[in-house]
Amino acid sequence: MSWLWHVVDRCTVRYPMPTKVVVAGVLTAVADVTVQKWAEGAVEVDEGRTGRMMAWRMGVHTPIAHHWFNFLDRALGAGTSPMLVAKKVALDQCVASPLVHLLFLPFMSFLEGKGLEDAYHKLTTTYTSMMLTSFMYWPFAHLLTFGLVPLRHRVLFVSCAGMLWMGVLSSYNNVAKRQSEDALRAPAEQALC
C-alpha cells in the first residue's frame with residue numbers, strides 16, 4: 001500500500017489537479033454507492049445519482065478546493081500555528097463552505113434535468129439544515145486539514161474526509177429531490193380534481 005501512496009504523492013507534485021480530480025471521483029463513487037446500498041437499503045445502485053455526485057466532486061468542488069486552499073496559504077501564510085489554523089477554518093466555514101454548498105443543490109437539479117423552480121425549492125427547503133450539519137463536521141475536519149496536512153495533500157485529505165460528507169450530501173439531495181417532486185406534483189394533481 002505504501003507504493004500506492006508514493007505514486008499518488010508524486011502525482012500531486014507533477015499533475016496536481018488531475019490527480020486530485022481522479023481521487024475525488026473514485027472516493028465519491030465509493031461513498032455514494034455505500035450510502036445507497038447500506039444506509040438507504042437500495043437493491044440496485046442508481047448509477048445516474050452516483051455519476052451526478054462524481055460530476056459535482058470532480059468538476060466543481062475539487063477545483064474550487066484546490067484554488068481555495070492555495071489562496072488561503074498565499075493570503076494568510078503557510079504555517080500551522082493554532083491562531084493561523086483557526087483563521088483558515090473560520091474563513092473556510094464563513095466564506096467558502098456556504099458558497100460551495102449554495103451551488104450544490106441547483107447543480108444537482110440541473111443534472112437531474114430539472115429547472116430553476118426545482119433548484120429554488122431544494123435550496124429553500126434543504127440548504128439551512130445541510131449547512132447546520134456541515135458546521136458540525138467540517139470545522140473539526142479542517143482543524144486537521146490546515147493543522148497537519150501539507151498543502152499539496154489537502155484536497156486529497158478533504159476527499160477522504162469527504163467520503164462521509166458526500167454520503168450526507170447525496171442523502172440530502174435525494175430527500176430534497178423527492179420533496180421537490182412531491183411539491184411540484186401536488187398543484188398539478190389538485191388541478192385534475
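Why does His 61 count as buried? At 16% relative accessibility, His 61 falls in that class, because buried means under 20% relative accessible area, with exposed over 50% and partly exposed in between (1.4 Å probe, protein chains only). The model shown is predicted, so that local features need pLDDT of at least 70 and side-chain atom pairs count only at pLDDT 80 or more, while totals for chains, interfaces and linings use all residues. Residues are numbered from 1 along each chain as its sequence is written, and side-chain values use heavy atoms, with hydrogens and water left out.

View 1. Not counting residues up to four places away in sequence, His 61 touches Trp 56, Val 100 and Val 158, where contact means heavy atoms within 4.5 Å.

**View 2. The largest cavity, with about 230 Å³ of space.** A cavity is a set of points on a 1 Å grid over the protein atoms alone where a 1.4 Å probe fits but cannot get out, and lining residues have an atom within 4 Å of a point. Of the 19 residues in the lining, the closest to the cavity centre are His 61, Asp 92, Ser 97, Val 100 and His 142. Helices H3, H4, H5 and H6 each supply at least two lining residues, and H3 gives the most, with seven. By class, the lining has 12 nonpolar, five polar and two charged residues.

**View 3. The largest nonpolar core, with 27 residues.** Such a core is a set of buried Ala, Val, Leu, Ile, Met, Phe, Trp, Tyr and Cys residues joined through side-chain atoms within 4.5 Å. Those with the most contacts inside the core are Trp 56, Phe 69, Phe 104, Met 130, Trp 138 and Phe 146. Two or more core residues come from each of H3 (47–76), H4 (82–111), H5 (116–147) and H6.

**View 4. The largest pocket, with about 190 Å³ of space.** A pocket is an open set of grid points with protein on both sides within 12 Å along at least five of seven lines. Its lining residues include Trp 5, Val 22, Leu 27, Phe 157 and Cys 160, and H2 provides the largest share, four residues. By class, this lining has nine nonpolar, no polar and no charged residues.

Notes: Points joined across faces, edges and corners; volume = space filled by probe spheres on them. Nonpolar A, V, L, I, M, F, W, Y, C, P; charged D, E, K, R; others polar.
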